[in-house]
Structures are given as structure tokens and as C-alpha cells.
Amino acid sequence: MLNCGIDFGSTYTTISVYREDNHLLEALSLSQDSPYIPTLVSRDKKQRLEFGRAAKARTGKKGVDIYRAFKMLLTETDLQKLEARGFSEDFTPVAAAEEFLHDLLRQILVRFGETTIHNLVIGAPEIWFKEIKTIAGRSILRDICKEMMEIEHVQVVSEPAAACAFFSYNFRQLTGNPFEGYILLIDYGGGTLDISLAQVEAGGSEDQQSMELKIIESNGAGENVEGRIGKAGIVYMESVIETALRRNGILQEGEDLETDGKFLKAVNSLEEELQSRTKAVNSMFEDCGIDDLEELDTEFTTIEFGDEELEITYALLVEVYNEVIRDVFAEKLGEVIAFMNENGIDYRNRIQDNFKIALVGGFGNYYLVRKQVFDTFQFISQDRRREDIIENQSDCEKAISLGTALLASGIVGIRQTAPYSIGIFQRDMDGNPCFDYAFRYKEEIDYNRAYYPESEADNRCIVTFIASNAISQFIINMGREEKTALIVPLREEFKQKLENVVENRYRTANVGFSLDSSEVVSIHIREYDLLNDQPGETDHVIELTKFSDLFDLTRVEKLVES
């Protein structure tokens with residue numbers, strides 16, 4: 001039985017499996033020469049598609065369009081924004097993601113000689129699990145994978161949850177004990193910086209490590225947070241090339257940079273040099289330090305730019321890092337440190353095992369990034385904040401992918417808790433708000449089970465008059481405190497849809513909600529017989545691929561403003 005996990009990254013995608021026959025957890029290289037598959041699709045004038053490294057090799061070729069960063073555009077509907085990124089009505093980000101993922105999934109089946117994948121777990125940004133307007137991303141991603149008949153079960157999990165699953169698994173393998181405490185995940189990739197503070201509570205049996213995982217704070221910069229390529233690996237490398245062009249007089253003062261195929265090829269070359277010469281970079285910076293720019297003014301590499309050659313020095317790498325990355329990275333680290341200080345989380349203790357710091361993502365392996373983290377948290381040798389959660393340093397870049405593979409195989413389980421509270425919003429006779437929730441934030445729930453809002457007064461399921469305005473507003477809360485609750489009105493066109501499914505003359509029903517394993521919500525309408533004071537026997541179920549299918553998100557109000 002084949003199970004696999006995918007880290008579907010903005011710039012690179014990694015696929016992993018757990019082999020139960022020999023208990024081997026590994027990232028797959030497939031037909032590539034590395035497990036890091038560029039998240040790219042190319043399309044030529046004949047509509048021929050290439051994926052991954054083959055697509056990357058076509059960068060700069062005449063008549064070839066390159067599509068990148070399509071993951072974070074899955075929910076975008078503004079055609080002008082899509083066209084600015086090279087997409088169109090006939091080739092959307094959803095189409096690019098579908099073609100790319102289906103190609104990879106077919107390669108997995110061929111690699112293992114299988115006809116089906118039993119469990120597929122795929123990672124998604126944490127923001128897709130905490131904001132109403134981005135929740136649709138995970139259902140779109142789930143449906144892209146479910147479209148393949150060869151996939152039996154699909155689950156979408158948050159990327160920090162997957163990484164925590166991997167690090168907690170390692171801790172138990174290396175120490176023999178379950179991990180309990182906090183993990184600070186610093187995920188620095190090509191297009192984004194994501195910082196997540198997770199609280200982990202252990203559980204489970206000897207055969208399966210189970211945990212309750214809560215992301216209690218998160219911030220970042222770039223695509224996942226700002227909807228655009230941010231101050232991360234890609235922007236850093238592009239800035240290095242642009243600075244070199246200006247210093248060599250190829251790009252004149254005041255002249256705009258043209259990010260054409262020639263420029264993108266130069267960026268790709270720099271990326272390959274940085275990846276393949278990690279030891280040389282580390283040795284130079286460790287020997288000279290990063291403050292002595294005169295001593296670092298020696299050649300790191302030479303990059304071809306058409307007929308020109310660009311010299312890239314170690315000093316240039318440091319200068320651009322200081323200009324582009326350092327301040328925004330320091331700001332985001334400072335924000336999570338302030339949160340930990342305010343909440344009494346001891347992140348300074350170097351000898352305890354209940355607080356760990358992990359760097360993940362390709363850019364997180366870069367010397368200058370790692371040094372800034374080490375300096376910020378004042379790491380020392382044999383610092384327990386870094387120990388026992390990773391055996392091989394190279395696995396940090398694969399942590400999300402390896403974590404999804406563990407979840408897909410059932411080696412690690414995350415206890416099912418509600419990602420938000422949801423219910424019907426009403427006011428009592430005195431005008432006070434009533435919080436009639438179907439389920440509450442972080443409450444343990446069962447997937448695919450309908451939950452109905454209950455009255456706080458008598459714990460009875462709320463009976464709603466569908467035909468009136470009684471079911472016009474819902475309440476959704478992405479946190480624990482009532483002040484974070486949102487009042488969300490029902491779409492006018494959906495009210496009629498609800499009336500149509502309830503056939504009894506009183507138009508009364510219980511209205512409930514369920515979540516599947518990817519935390520995609522469905523609404524359940526169960527007719528209620530007022531005369532006999534009892535619910536009907538069957539549910540009318542409407543799955544919401546997008547919250548906007550049901551709710552009018554343009555009229556959302558905060559509870560405190562209502």
C-alpha cells in the first residue's frame with residue numbers, strides 16, 4: 001500500500017514516503033537529480049508543457065512561457081492580477097497547479113509500480129487555516145489531487161504542523177521519549193518567510209506517536225502573508241544579480257531592470273552555485289567573518305549574462321543580504337520574541353528539552369540566515385534548543401515533506417481539533433449576543449461528523465426558521481476570545497437554496513456543520529418537525545469549496561463593532 005506526502009512549495013516541491021517494510025523515511029528524487037523539484041511549468045507555442053527541472057531548463061528560450069508561484073494564486077480571481085503574473089483565462093494558476101501535481105503523482109506511481117496511492121497528505125501554508133479569505137486554498141488543493149482516480153484519500157495539513165510532526169518523531173526516535181513543549185519553526189524559502197510557534201502535547205501508543213498541536217503565534221513576509229514574492233531567497237538572488245549588473249555598467253543609473261529570460265537564467269545560475277558550493281561559502285564566512293568586506297572582496301563565482309560576465313564576490317553577497325534581508329528578518333524574529341516574552345515562554349533556557357528552534361526551507365540553510373538566527377538567540381555549543389529534533393542537518397529542508405509522509409503512513413497522528421469556532425449568531429430579547437456554536441476553536445472533533453449549534457440555556461440543538469431572517473447571520477471565530485469573533489451574513493442567493501431543501505410547511509430545521517480531514521467545511525440541513533418536537537432522519541449536505549459560496553465576506557463585521 002503506497003502512502004506519500006508532498007511539500008508543495010512556492011519555489012520547490014518535495015515528495016516523501018515512509019517505507020513500512022524497512023522503516024525508511026526518505027525524500028524521493030524521481031527523475032530529477034535532486035529531491036527538490038522546481039515548482040515550475042513551462043508552455044511553448046505548441047501548448048507543450050514541461051515541469052520541474054525540465055521547465056527550468058527552458059527559461060529564456062524563445063516562445064516559451066514560464067509559470068511560477070502559482071500555489072499562492074489558487075484563490076485569486078482578479079484577472080488583472082493574474083495577467084500581471086503571466087496567467088490568463090485559458091491557463092490559470094489552478095490549471096498550472098493541476099498539471100504540475102498530476103505529473104508528479106503519475107511519476108510516483110510509475111516509480112513504485114503501483115496503480116493507486118492510498119493516502120496522500122499535502123502541506124499548505126498556515127495562513128490557509130487561520131483566515132476566512134484564504135481557507136478556500138486548501139479545498140482547491142485537495143480537489144486538484146482528488147481529481148486523479150488513482151488517489152484514494154487526500155488530506156491537506158498546515159506546513160508547520162507537518163514539520164512539527166517530523167521533529168517530534170525525531171525526538172522520540174533519538175531520546176525514546178515523546179516531545180512536549182514548544183517548537184519555534186523558522187521556514188525561510190524562495191518566496192516567503194513563515195515563522196510559527198507551535199505548542200505540542202504528546203500522546204498515543206508505542207506504535208503511533210500522537211500529538212495535539214497548536215500554532216499559537218505566526219508571522220512572516222512574502223507570498224504566504226503578503227500575497228507577493230517577499231524578502232526571501234528569490235528576491236535576494238535577483239537583487240545580487242541586479243546589483244552586479246549596475247556595478248559592471250551593464251545596467252545604467254536610472255535604467256529599469258528587465259526581468260527577461262536572460263536575467264532569469266543568470267538568477268538560476270547563481271542559485272545553482274549557492275546550492276552546490278555551500279561548504280565553500282560557509283568556510284569563507286567563518287574564516288573571515290562577515291563584517292570585514294575588504295577581506296571578503298574575492299570572487300565567489302562568475303555568472304554569464306548573455307555575452308557579458310558578472311563577477312559575484314563574497315562581499316557582494318553580504319552587502320545585498322544586509323540591504324534586502326537582515327532588517328525584515330530581524331523585525332519578524334523580534335515580533336515572535338516579544339510574543340514569547342509577553343506570554344512567559346522561556347526560550348532562553350539552553351539546558352531544557354521543552355523548547356526547540358528549527359530552521360526549515362531552502363533559504364534557511366544559507367550561512368547568513370543561520371548566523372542571524374544563531375546570533376539572535378545567542379546559541380552556544382551543545383545548546384539543547386537545537387538538539388534531538390534533527391539527525392541529519394540536510395533533512396531540515398525536507399522537514400515538511402517528511403512530516404507529511406509520516407502523517408500519510410499513520411506513523412504520527414495529529415489529534416483532530418477544530419481550526420475555528422462556527423455557529424449561528426443571534427441576540428436574546430435584551431439584545432445581548434448569543435454564541436450558539438456547533439463546535440469551538442481547538443475542541444476535539446471527529447471528521448465528517450455533523451455538529452449542530454446548541455442553546456447555552458438548555459443544551460438543546462437550535463431549531464431555525466429557514467424561511468425567515470432567523471438564519472441570516474453566522475458567527476465564526478478564529479481564536480479563543482469572543483472579541484476575535486466575526487459576524488458573517490448569509491448570501492441572499494443561498495437563503496433561497498436553503499429554503500428549497502427544507503420541504504415541510506413550517507420551514508424549520510437544525511443547521512449544523514462538519515469538517516473533512518482537510519478541514520473543508522460542509523453545511524448540514526436536517527428538517528425539524530415542530531408538531532412532534534423531533535428532528536428528521538436525514539441530512540441535506542452542501543459542501544463548501546469556498547466560504548464565499550455560503551457567506552457574504554464583503555459584509556463581515558467584528559463582534560465588538562456590531
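The legends below describe close-up views of a predicted model.

Residues are numbered from 1 along each chain as its sequence is written. Because the model is predicted, local features need pLDDT of at least 70 and side-chain atom pairs count only at pLDDT 80 or more, while totals for chains, interfaces and linings use all residues, and side-chain values use heavy atoms, with hydrogens and water left out.

View 1. Helices (H or I, at least four residues) and strands (E, at least two) are DSSP runs numbered from the N terminus. Along its principal axes the C-alpha trace spans about 85 × 60 × 55 Å, and 54% of the 562 residues count as buried, that is, under 20% relative accessible area with a 1.4 Å probe and protein chains only.

**View 2. The largest nonpolar core, of 59 residues**. Such a core is a set of buried Ala, Val, Leu, Ile, Met, Phe, Trp, Tyr and Cys residues joined through side-chain atoms within 4.5 Å. Tyr 236, Phe 285 and Tyr 366 have the most contacts inside this core, and its largest share, eight residues, comes from helix α10 (residues 314-324). Leaving aside neighbours within four places in sequence, Phe 285 is in contact (heavy atoms within 4.5 Å) with residues including Tyr 314, Leu 317, Val 318 and Tyr 366.

**View 3. Helix α7 (residues 233-247) and its surroundings**. Since 11 of its 15 residues are buried, α7 is largely enclosed by the rest of the structure; Tyr 236 is among these buried residues, as are Val 240 and Leu 245. The buried residues of α7 pack against α8 (261-276), β13 (299-305), β14 (308-313), α10 and α12 (367-376). Just after the helix, Gly 249 takes a positive phi of about 75°.

**View 4. An open antiparallel sheet in the order β6-β5-β7**. The edge strands, β6 (49-51) and β7 (65-68), each pair on one side only, where pairing requires at least two DSSP bridges between two strands. Strand β5 (residues 40-43) and β6 pair over three bridges, and the bridge partner of Arg 43 in β6 is Leu 49. Helix α3 (residues 93-112) lies across β5 and β6 and runs at about 60° to β6, with axes fitted to C-alpha atoms, for helices over the stretch in contact, and angles from 0 to 180 degrees between N-to-C directions.

Definitions and conventions:
Buried means under 20% relative accessible area, exposed over 50%, partly exposed in between (1.4 Å probe, protein chains only). The expected span of a helix is 1.5 Å times one less than its number of residues.
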